[in-house]
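Here's a quick look at how some of the side chains pack in this one. Have the structure open while you read.

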Amino acid sequence: MSYWETTPPHICTMAQVRRALATCAVLTAARNSLPQIQVFAAPRMESKLAEHNQYQAKTFDEKSDFFASEKATPASVEPKLRRIACSCRLETPGTTLLDVGTGTGALLPFFQEAGVDLAQVVGVDLSAGMLGFAKERFPETTFVQEDVLQFQGAR
């Protein structure tokens, strides 16, 4: 059994991984002109979101060694990653691909295989541990440790 099939539900289910990968891969926007994403939430909800983000960052920091290993992406998932990457080719010059929840950069080799210039990718993630691996593997890509809801595209 792969890690994805045995992961406790408090981390994520395979269905959540599929939805997250699909969501992450289709977010593209013109360079330096990403629209502001505004969140309208009660202060209590903002506090819960901050608490959730801290939990997520801590959890994935602790698991970053695994996610940087070859065991993290089973061969059965690779065709799906290729399809996602192929659907994200940057047809318009000057566009940027925003990889939300980029983690260790698992999608980046597939983006590159699909013809995306990795210098045109911005990876956003909450986990410093995960981003550390991504930055080391893909120095030409810009990485930002931040909640995507707070991300300022003009940076």
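Which residues form one aromatic cluster? Bear in mind that this is a predicted model. The cluster is made up of Phe60, Phe66 and Phe67.

A pair of aromatic rings is described by the distance of the centres and the angle of the planes.

| Pair | Centre to centre | Angle between planes | Class |
|---|---|---|---|
| Phe60 and Phe67 | 5.6 Å | 45° | tilted |
| Phe66 and Phe67 | 5.4 Å | 80° | edge-to-face |

Why is the pair of Phe66 and Phe67 edge-to-face? Its planes sit at 80°, and over 60 degrees counts as edge-to-face.

What about burial? Phe60 is buried, at 17% relative accessible area, and Phe67 also counts as buried, at 11%. Phe66 comes out at 22%, so Phe66 is partly exposed, given that buried means under 20%.

Now for the nonpolar packing. In soluble globular proteins, nonpolar side chains tend to be buried together. The largest nonpolar core in this model has 18 residues, and the members touching the most others are Leu108, Phe111, Leu118, Val121 and Phe143. Helices α4 (78-86), α5 (108-113) and α6 (128-137) each give two or more residues to this core.

Take Leu108 as a way in. Setting aside neighbours within four places in sequence, Leu108 is in contact with Asp99, Leu118, Val121, Phe138, Thr141 and Phe143.

Note on methods: Residues are numbered from 1 along each chain as its sequence is written. This is a predicted model: local features need pLDDT of at least 70, side-chain atom pairs count only at pLDDT 80 or more; totals for chains, interfaces and linings use all residues. Side-chain values use heavy atoms; hydrogens and water are left out. Rings of Phe, Tyr and Trp (its six-membered ring) pair if their centres lie within 6.5 Å; planes under 30 degrees apart count as stacked, over 60 as edge-to-face and the rest as tilted. Buried means under 20% relative accessible area, exposed over 50%, partly exposed in between (1.4 Å probe, protein chains only). A nonpolar core is a set of buried Ala, Val, Leu, Ile, Met, Phe, Trp, Tyr and Cys residues joined through side-chain atoms within 4.5 Å. Helices (H or I, at least four residues) and strands (E, at least two) are DSSP runs, numbered from the N terminus. Contact means heavy atoms within 4.5 Å.
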